Amino acid sequence: MEITCKINNVEKRLVFEPHERLMEVLRREGYYGVKDGCSTGDCGACTVIVNGRVIKSCLMFAVQVRNKEIITIEGIGTDENPHPLQQAFVEMGAVQCGFCTPGMILSAKALLDKNPNPTEDEIKEAIDGNLCRCTGYIKIVEAIKLAARRMGGRRR
Amino acid sequence: MEFHYPQTVKEAVALLGRPSSIAVAGGTSFIVKPRVEHLVDLTRLRLNYIREKKTEVLIGATTTAADISESQVLGRLGSGILRDASSAMADTPLRNMITVGGDIACRYIWASFPPALMVLDARLKIAGRKEREVPIEKFFKLRLQPGEFISEVVIPQKSKKGKGAFIKFSRTKSEYSLITVVVYAEQQGKKASVVRVAVSGNTPPTRIKAIEDGLEGKVITEELLEKTIEKAVAQLPLTESYIFSEEYRRELLGILLKRGLKKVLMEG
């Protein structure tokens, strides 16, 4: 089976078996920021953005993203030029083991893209699909607030 | 195994009419069965819409729970119980994937949309070699024929007149519902003129006619509510649960029904 899609703004041709899940295929293609946590749609570590909406890539067939646009954590910033959310997570201590972080940041990005000035409740709702077993969420919520302030309510 | 991307409802019907075919919409509750040979994508049939017509609101079957939870049109039907049903469901990324048609077609006992649609008197449009329309309650008593799939949910605009309440009980917000109670009612003067009650979680989605008949046309008092609910709940067969005792669930069901009915019939 072969499809084309856009991953992090790059046109891609993906080859896989029809039953393979998006998470498996993305990891095989080298996007290791897509974490394999529970594989059952509970933990959110495999979260990616498809056509502007966050989804859990362990519950989506790779075939479903034909001609769609995918954003993974690899696509939003680099070591030299991190996304404001990544910078805020580092500064606020919102990262401990780091396993939930890519999914958390992508959920936050999808929120800020749509709603640049979210309330605390809106932030909590946006990350309700991402489990973190280290931080207790408080620093994560604070980091998202900080990033929103720094981005000045602008879409980015 | 092969994956197909039909572009029209007609093509999808033909593809699904073949043996060992199965439809895929959001894909969240999909389990690959060894005998399935053809997966048929339903998300490219342009069935993602919420349309307000004169007498009905139409929801395309592949409209996601996220789209429904953000819809202003649906917010006006029965105090927005469909919006509440979608917000109560799973979590943000899953709501972006779950479709209204899939939530119904999978016939899960914990599904949120079926009881909410039941009290709104919704009908389902079923695509197939011959298109048909069935009330949502009937859907749970019939089997789809090869080639058939839910293509649209049809809700009468009349449901704008009344008030509604949606209550989901689960241990954490995103968990499967243990009990869901949905109530819709219209009042005329001091009397309840229309009462519709549906539950799921504890039972497959079902209307509770005993409560509806016991309250319609009456002036609602707390005493009447309690008596009617108690009698109806005692008679309702509950599905087995290995987590919660039947006594507990029966008690809880009565309490949630009372909360929902009180909110709709006795407050403001």
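Colleague: Let's start with one residue: which residue of β7(B) stands opposite B:I126?

Modeller: Strands of a sheet pair through backbone hydrogen bonds, either parallel or antiparallel. Here, B:I126 faces B:R132 in β7(B). Strands are DSSP runs of E with at least two residues, helices are runs of H or I with at least four, and both are numbered from the N terminus. Before we go on: this is a predicted model, where local features need pLDDT of at least 70, side-chain atom pairs count only at pLDDT 80 or more, and totals for chains, interfaces and linings use all residues. Residues are numbered from 1 along each chain as its sequence is written, while chains are lettered from A and ligands numbered from 1 in the order in which they are written.

Colleague: Okay, and how many bridges join β6(B) to β7(B)?

Modeller: Two strands count as paired if DSSP finds at least two bridges between them. Strand β6 (residues 123-127) of chain B and strand β7 (residues 132-135) of chain B have 4 bridges and run antiparallel. A hairpin of 4 residues connects β6(B) to β7(B). There's another partner too: β6(B) runs antiparallel to strand β8 (residues 149-156) of chain B, with 5 bridges. In that pairing, B:L124 sits opposite B:V153.

Colleague: Now β11(B). What does β11(B) pair with in an antiparallel way through 9 bridges?

Modeller: That's strand β10 (residues 179-188) of chain B. The hairpin of β10(B) and β11(B) has 2 residues between the strands, and B:G189 in the turn has a positive phi of about 60°. On to the next strand: β11(B) is joined by 2 bridges to strand β12 (residues 206-207) of chain B, again antiparallel. There, B:V199 stands opposite B:T206. This hairpin has 5 residues between its strands, and B:G201 takes a positive phi near 95°.

Colleague: Over to chain A. In what order do the 5 strands of the open sheet come?

Modeller: The order is β2-β1-β5-β3-β4 (chain A), with mixed pairing. β2 (10-15) and β4 (53-56) of chain A are at the edges with a single partner strand each, so one side of each has no neighbour in the sheet. As one pairing, strand β1 (residues 2-7) and strand β5 (residues 69-71) of chain A run parallel, with 2 bridges. A:K6 has A:E69 of β5(A) as its bridge partner.

Colleague: Which helix lies across β3, β4 and β5 of chain A?

Modeller: Helix α3 (residues 101-114) of chain A does, running at about 30° to β3(A). For such angles, axes are lines fitted to C-alpha atoms (for helices over the stretch in contact), and the angle runs from 0 to 180 degrees between N-to-C directions.

Colleague: Is A:V34 buried or exposed?

Modeller: Buried, with 26 other C-beta atoms within 10 Å. A:V34 lies in the loop between α1 (22-28) and β3 of chain A. Its contacts outside four places in sequence include A:M23, A:C46 and A:T72.

Colleague: Last one: how many residues does each chain give to the contact?

Modeller: Chain B gives 18 residues and chain A gives 21 residues. On the chain B side, α5(B) supplies the most, with 3 residues. The predictor gives the complex an ipTM of 0.94 and a pTM of 0.94.

Definitions and conventions: Two residues are in contact if their C-beta atoms, placed from the backbone, lie within 7 Å. A residue is buried if 20 or more other C-beta atoms lie within 10 Å of its own, exposed if 12 or fewer, and partly exposed in between; C-beta atoms are placed from the backbone.
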